[in-house]
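Trainee: Please take me through this model one question at a time, with each term given its cut-offs as it comes up.

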Amino acid sequence: MSATTSLTAEPAEPAAVASVDMTAVKNRVKRAQGQLGGVLRMLEESRDVSDVVVQLKAVSRALDRAGFAIISADLRRQVAEGETLQAEDLDRLERWFLSLA
């Protein structure tokens with residue numbers, strides 16, 4: 001089984017990030033990293049709690065969307081390569097999506 005096989009891997013083997021262009025996902029994560037740095041500065045400056053919470057929500061949402069994009073990219077890769085998804089693969093996908101919801 002190759003390292004790029006992910007959602008159809010045996011349950012004991014962790015899924016790998018699909019070997020597709022992850023530029024948009026990487027950019028999203030970098031943006032979230034910058035936002036998180038801003039949250040830390042806000043905390044150090046004792047900024048208003050509501051402003052900090054708004055920024056934390058933005059970071060959280062950006063990371064969730066990156067996770068969804070990674071899962072979606074891998075699913076698209078599998079379909080494009082003609083891989084067959086088994087029931088346990090679909091269950092794993094559902095758990096991943098729900099863990100980000």
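Mentor: We begin with a term: buried means under 20% relative accessible area, exposed over 50%, and partly exposed in between (1.4 Å probe, protein chains only). This is a predicted model, in which local features need pLDDT of at least 70, side-chain atom pairs count only at pLDDT 80 or more, and totals for chains, interfaces and linings use all residues. Residues are numbered from 1 along each chain as its sequence is written, and side-chain values use heavy atoms, with hydrogens and water left out.

Trainee: What pattern does the protein chain follow, read along the sequence?

Mentor: Helices (H or I, at least four residues) and strands (E, at least two) are DSSP runs, numbered from the N terminus. The protein chain has three helices and zero strands. Read along the sequence, its pattern is therefore written, by that DSSP rule, as α-α-α.

Trainee: What percentage of the 101 residues in the protein chain is buried?

Mentor: The protein chain has an accessible surface of about 6900 Å², and carbon and sulfur atoms hold 57% of this area; the method is Shrake-Rupley with a 1.4 Å probe, and for residues only the protein chains shown count as cover. Of the 101 residues, the buried share is 25%.

Trainee: Of the contacts with a separation of 6 or more, what percentage involves residues 24 or more positions apart?

Mentor: A contact means heavy atoms within 4.5 Å. Among contacts in the protein chain with a separation of 6 or more, the share from residues 24 or more positions apart is 66%.

Trainee: How far does helix 2 reach from its first C-alpha to its last?

Mentor: The expected span of a helix is 1.5 Å times one less than its number of residues. Helix 2 has 32 residues, and close to the 46 Å expected at 1.5 Å a residue, its reach from first C-alpha to last is 46 Å.

Trainee: How many residues make up the largest nonpolar core?

Mentor: A nonpolar core is a set of buried Ala, Val, Leu, Ile, Met, Phe, Trp, Tyr and Cys residues joined through side-chain atoms within 4.5 Å. Ala32, Val39, Met42, Val52, Val59 and Ala62 make up the largest one, with helix 1 (23–44) and helix 2 each supplying at least two residues. Leaving aside residues up to four places away in sequence, Ala32 touches Val59, Ala62 and Leu63. The number of residues in this core is six.

Trainee: How many aromatic pairs are there?

Mentor: Rings of Phe, Tyr and Trp (its six-membered ring) pair if their centres lie within 6.5 Å, and planes under 30 degrees apart count as stacked, over 60 as edge-to-face and the rest as tilted. By this rule the count is one.

Trainee: How many residues apart are the partners of the pair?

Mentor: Phe68 and Phe97 form the pair, which is stacked, at 5.4 Å centre to centre and 20 degrees between the planes. The pair links distant parts of the chain, with Phe68 in helix 2 (residues 49–80) and Phe97 in helix 3 (residues 87–100), and the separation is 29 residues.

Trainee: What is the relative accessible area of Phe97?

Mentor: Phe68 is partly exposed because its relative accessible area is 28%. Phe97 is also partly exposed, its value being 30%.

Trainee: Which residues are linked with Arg77 in a network of salt bridges?

Mentor: A salt bridge is a side-chain nitrogen of Lys or Arg within 4 Å of a carboxyl oxygen of Asp or Glu, and the structure holds five. Arg77 pairs with Asp74, the closest N and O atoms being 3.2 Å apart, and also with Glu83 at 2.9 Å. Arg77 counts as buried because its relative accessibility is 6%, whereas Glu83 is partly exposed at 23%. The residues linked with Arg77 in the network are Asp74, Glu81 and Glu83.

Trainee: What is the relative accessible area of Asp89?

Mentor: Arg92 and Asp89 meet in a salt bridge at 3.5 Å, N to O, and they are separated by about one helical turn because they lie three residues apart in helix 3. Arg92 counts as buried at 11% relative accessibility. Asp89 is buried too, with a relative accessible area of 2%.

Trainee: How far apart are the C-alpha atoms of Leu85 and Leu75?

Mentor: Leu85 lies in the loop between helix 2 and helix 3 and is partly exposed, with a relative accessible area of 26%. Leu85 and Leu75 are 10 residues apart along the chain, and their C-alpha separation is 9.3 Å.
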